Amino acid sequence: MHNELEVIKAAQWLATTGTSETIIKGYTSIKESYFKDMCTNSEKHRYGTHWLRCDEAYEADRLYRLFIHLFGEKALHKVLDIVEFTILCKTYFTKFPTSIMSKNRIHFLILSIRNGDAVVKNKCKSCGLPFVLHRDDCLEDTCHICRQLSKKISGDVGSGE
C-alpha cells in the first residue's frame with residue numbers, strides 16, 4: 001500500500017504527461033482537484049488493438065516483457081494501483097525514450113490482454129521470449145521484434161547493398 005503523497009504525485013505525473021483523465025480516475029480514488037486541472041493535453045491513443053497488427057506492434061512485446069520483469073506474470077490478473085502503473089510507465093520511457101507508445105496505450109494494452117482482445121504467447125520460436133499478439137493472429141509463433149529483425153536483415157540482403 002502506498003501513502004497518499006505517493007498516490008498524488010503519481011496522479012500528477014500521469015496528468016502532466018498526457019494520460020487521459022478517465023484512466024487516472026480508474027487507478028485512484030483521490031480527489032480530482034489534485035490532478036484535474038493538469039489533464040489538458042491528453043495523448044491520442046484510445047482503446048483499440050488494430051495497432052498490434054502493424055509494424056509498431058514490437059512495442060507491445062517490449063512492454064509486456066518489462067511488465068512481467070517488474071511485476072511477474074500473475075500481476076496481469078490483478079489491478080495495478082496508480083503508483084505501480086506510474087512505475088511501469090516511467091521505467092518503459094526511461095528504457096525506450098524514443099518510443100511511440102503512450103501511457104494511454106500502455107493502459108489499454110494491459111486491459112486488452114486481460115479481456116482477450118490481445119493474446120500472450122509464452123515463447124517466441126526464434127528468441128524464446130514471451131510476446132503479445134492481436135487475437136486474430138493467435139497462431140503466429142514469432143514475436144514482432146524477431147519479425148522486424150528478419151525483415152530488416154532480408155531487406156538489407158535483398159537490396160544488394
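A nonpolar core is understood here as a set of buried Ala, Val, Leu, Ile, Met, Phe, Trp, Tyr and Cys residues that are joined through side-chain atoms within 4.5 Å. In this predicted model, the largest such core holds 36 residues, of which I82, L88, Y92, I106, L109 and V132 touch the most other members. Helices α1 (4-16), α2 (21-27), α3 (58-71), α4 and α5 (103-115) each supply at least two residues of this core, and the largest share, seven residues, comes from α4. A second, separate core of five residues includes C124, L133, C143 and C146.

Because its relative accessible area is 2%, below the 20% limit, I82 counts as buried. Leaving aside residues up to four places away in sequence, I82 touches V7, A10, A11, L14, I24, Y27 and T28; Y27 is 55 residues from I82 in sequence, yet their C-alpha atoms lie 4.9 Å apart in space. With the same exclusion of sequence neighbours, Y92 touches E59, R62, L63, L66, S99, M101 and I106.

The packing of α1 against α4 was examined in turn. The axes of these two helices are 9 Å apart and form an angle of about 45°, and the pair is therefore oblique; α1 passes α4 in a left-handed crossing. On the α1 side, E6, V7, A10, A11, W13 and L14 take part, and they meet I82, V83, F85, T86, C89 and K90 in α4. By class, this contact comprises nine nonpolar, one polar and two charged residues.

Notes. Residues are numbered from 1 along each chain as its sequence is written. This is a predicted model: local features need pLDDT of at least 70, side-chain atom pairs count only at pLDDT 80 or more; totals for chains, interfaces and linings use all residues. Side-chain values use heavy atoms; hydrogens and water are left out. Buried means under 20% relative accessible area, exposed over 50%, partly exposed in between (1.4 Å probe, protein chains only). Contact means heavy atoms within 4.5 Å. Helices (H or I, at least four residues) and strands (E, at least two) are DSSP runs, numbered from the N terminus. Axes are lines fitted to C-alpha atoms, for helices over the stretch in contact, and angles run from 0 to 180 degrees between N-to-C directions. Angles under 35 degrees count as roughly parallel, over 145 as roughly antiparallel, 65 to 115 as roughly perpendicular and the rest as oblique. A crossing is left-handed if the near helix is turned anticlockwise from the far one by less than a right angle, and right-handed if clockwise. Ala, Val, Leu, Ile, Met, Phe, Trp, Tyr, Cys and Pro count as nonpolar, Asp, Glu, Lys and Arg as charged, and the others, Gly among them, as polar.
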